[in-house]
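Colleague: I'm new to this one. Could you take me through it and tell me what stands behind the words you use?

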Amino acid sequence: MPYRTILAGLICEDSPAPDALVAYAVGLAAHQNAHLAFNLGVPRIPMPSASFIPMVREVVDEANGQRWKAAEDLAASCRDRAALAGVASSSNVHFDSYHLVRAETVRQARSTDLVVLQRRDDTMSLENDLIQAVLFDSGRPLILVPPGWNRPFALDRVMVAWDGGSKAARAVGDAAALLGMAEQVEVVSVAGDPDRSKHVSGLQIARHLARSCQQLSSTELPVQSNDVGATLCGHATATRADLLVMGGYGHSRLREMALGGVTHDMLAKAPLPVLLSY
């Protein structure tokens, strides 16, 4: 069953326009004949302790006003790009403290089929924090688009990272709408994963997917330099995959989410769009 509602989430910081995200989300929505909802979060610049000084308050108010105007302009541009592609769209601009902006994006995500976000190369970006919140708290699958991605949306070759775990199984189910329409699907397992408790064989899931996929293959890769994430990324690049499907794995939550190693690698440096489920 195709996706019917796709959410494109953006955090409007003082950063370049998320062109890769918008182009990918519009292409995906056109492919699925889905409604595309743009959710733009605008973190309010907090008033400093010196805000009782009229000049300081005026400067902060002006900066916040500029952020709001830029977000409204971006929302209009997103709707225009969707309309040109024949995609029905809507937009919501939420202006508040970052904590509430993030919570609103997660809340909006829960009433959609799929969320699309753009990774930032800046590790301190609020957008990267939003990615973790959506992945672990929304209950919805997430496609993460790298900032330098300039290829149009396509499903010529989709790669499924399979480790036999429950999160990988959930990702395969969440990606069913795309896997069934892909020209070629490759199930990739990494032999030599340091976590010996994982069953890496992809043959069983491959037999399942063969019933719905047009063309399917199964590959077992030797782990390179004891780094599963780098092994997967290298193979995806070598095969020019359009999308990587995998489960998101996280450890215990204290003050911050400590991500599993492979998930962390994909959030930080995946060279292609990645569909993650948790």
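What follows is a short talk about the terms used for this model.

Modeller: First, the ground rules: this is a predicted model, where local features need pLDDT of at least 70, side-chain atom pairs count only at pLDDT 80 or more, and totals for chains, interfaces and linings use all residues. Residues are numbered from 1 along each chain as its sequence is written, and side-chain values use heavy atoms, leaving out hydrogens and water.

Colleague: How do you know what confidence the predictor has in the protein?

Modeller: From pLDDT, the predictor's confidence in each residue, from 0 to 100. The mean here is 85, and 83% of the residues reach 70 or more. Over residues 251-259, though, the pLDDT is below 50.

Colleague: Why is Thr 105 called buried?

Modeller: Buried means under 20% relative accessible area, exposed over 50% and partly exposed in between, with a 1.4 Å probe and protein chains only. Thr 105 has 1%, so buried is the word for it. The residue sits in helix α3 (residues 98-109); helices are DSSP runs of H or I with at least four residues, strands are runs of E with at least two, and both are numbered from the N terminus.

Colleague: What is Thr 105 in contact with, leaving aside its neighbours within four places in sequence?

Modeller: Contact means heavy atoms within 4.5 Å, and by that rule Thr 105 touches Leu 7, Asn 39, Leu 130 and Val 134.

Colleague: What makes β2 and β3 a pair?

Modeller: Two strands pair if DSSP finds at least two bridges between them. Eight bridges join β2 (residues 35-43) to β3, and the two run parallel, so they meet that rule.

Colleague: Why are β3 and β8 said to stand at the edges?

Modeller: The open sheet has ten strands, in the order β3-β2-β1-β4-β5-β12-β9-β6-β7-β8, with mixed pairing. β3 (89-96) and β8 (216-222) each have a single partner strand, so one side of each is left without a neighbour in the sheet.

Colleague: And what makes β9 largely enclosed?

Modeller: Five of its five residues are buried, so the rest of the structure largely encloses β9. Leu 243, Val 245 and Gly 247 lie on one side, with Leu 244 and Met 246 on the other. As for partners, three bridges join β6 to β9 in parallel, while four join β9 to β12, also parallel. Met 159 stands opposite Leu 244, and Val 245 has Leu 275 in β12 as its bridge partner.
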